[in-house]
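Visitor: I would like to go through the charged side chains here. Could you take my questions one at a time?
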Amino acid sequence: SEERQQLRLAKTKEREKARAQKEKELEEAKKALEDEGGWWKATDYMPDKDKDAINNAFEKFATKTSEFDNSNKDQDGEWWKKDPYRRDWERNKGKGKKWTAVMQGAKERATEPELAVREEFYKGNDWWKADKYKRDWEATKDAEWWKEEPYIKDWQQNKHEGARWKAAD
């Protein structure tokens, strides 16, 4: 039993020594690459079986299709993406109290980097309000009024008995 324990301890030390040597070699290789102006990639030194496992996991995830309708949901749990906070940004910009809070309902202001991320999100989802798109919509809205959602829904639900899609104006 004691002999077995000593053998186990010796093997553990051997593995630790081999691991330390490998880490040292990796650090040296990384430094040499960086000194030459190259980029160090961990995958260059990763065993093939580990690379395959990672690739398989990504492939499995990428081919999975979700049937969940997230068109009107706050999926990521970031409370500041909800409508009341977006409207606060639209109306008040940097002076807004709701969207700039560090936490939902808090009076303290979030950090500048966090506010920059939020503002970038709001701006990215506000493209359709630009004057160019408003003018385009105004110019075409009357010509194709029947393609708007209430009329399409009326047709889908009521077919020929629908009232909205048959309206002249």
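Visitor: Is Arg 86 buried or exposed, or partly exposed?
Guide: Arg 86 is partly exposed, at a relative accessible area of 22%; buried means under 20%, exposed over 50%, and partly exposed in between, with a 1.4 Å probe and protein chains only. This is a predicted model, in which local features need pLDDT of at least 70, side-chain atom pairs count only at pLDDT 80 or more, and totals for chains, interfaces and linings use all residues. Residues are numbered from 1 along each chain as its sequence is written, and side-chain values use heavy atoms, leaving out hydrogens and water.

Visitor: Which residues are linked with Arg 86 in a network of salt bridges?
Guide: The network links Asp 83, Arg 86 and Glu 90. A salt bridge here is a side-chain nitrogen of Lys or Arg within 4 Å of a carboxyl oxygen of Asp or Glu. The N to O distance is 3.0 Å for Asp 83 and Arg 86, and 2.6 Å for Glu 90 and Arg 86.

Visitor: Where do Asp 83 and Arg 86 lie?
Guide: Both are in helix α3 (residues 83–92), three residues apart, so about one helical turn separates them. Helices are DSSP runs of H or I with at least four residues, numbered from the N terminus. Glu 90 and Arg 86 are four residues apart in helix α3, again about one helical turn.

Visitor: On to helix α2: what separates Asp 48 and Lys 51 there?
Guide: About one helical turn, because they are three residues apart in that helix (residues 48–63). Asp 48 is exposed at 56%, whereas Lys 51 is partly exposed at 26%.

Visitor: How many salt bridges does the rule give?
Guide: The count is six.

Methods: Helices (H or I, at least four residues) and strands (E, at least two) are DSSP runs, numbered from the N terminus.
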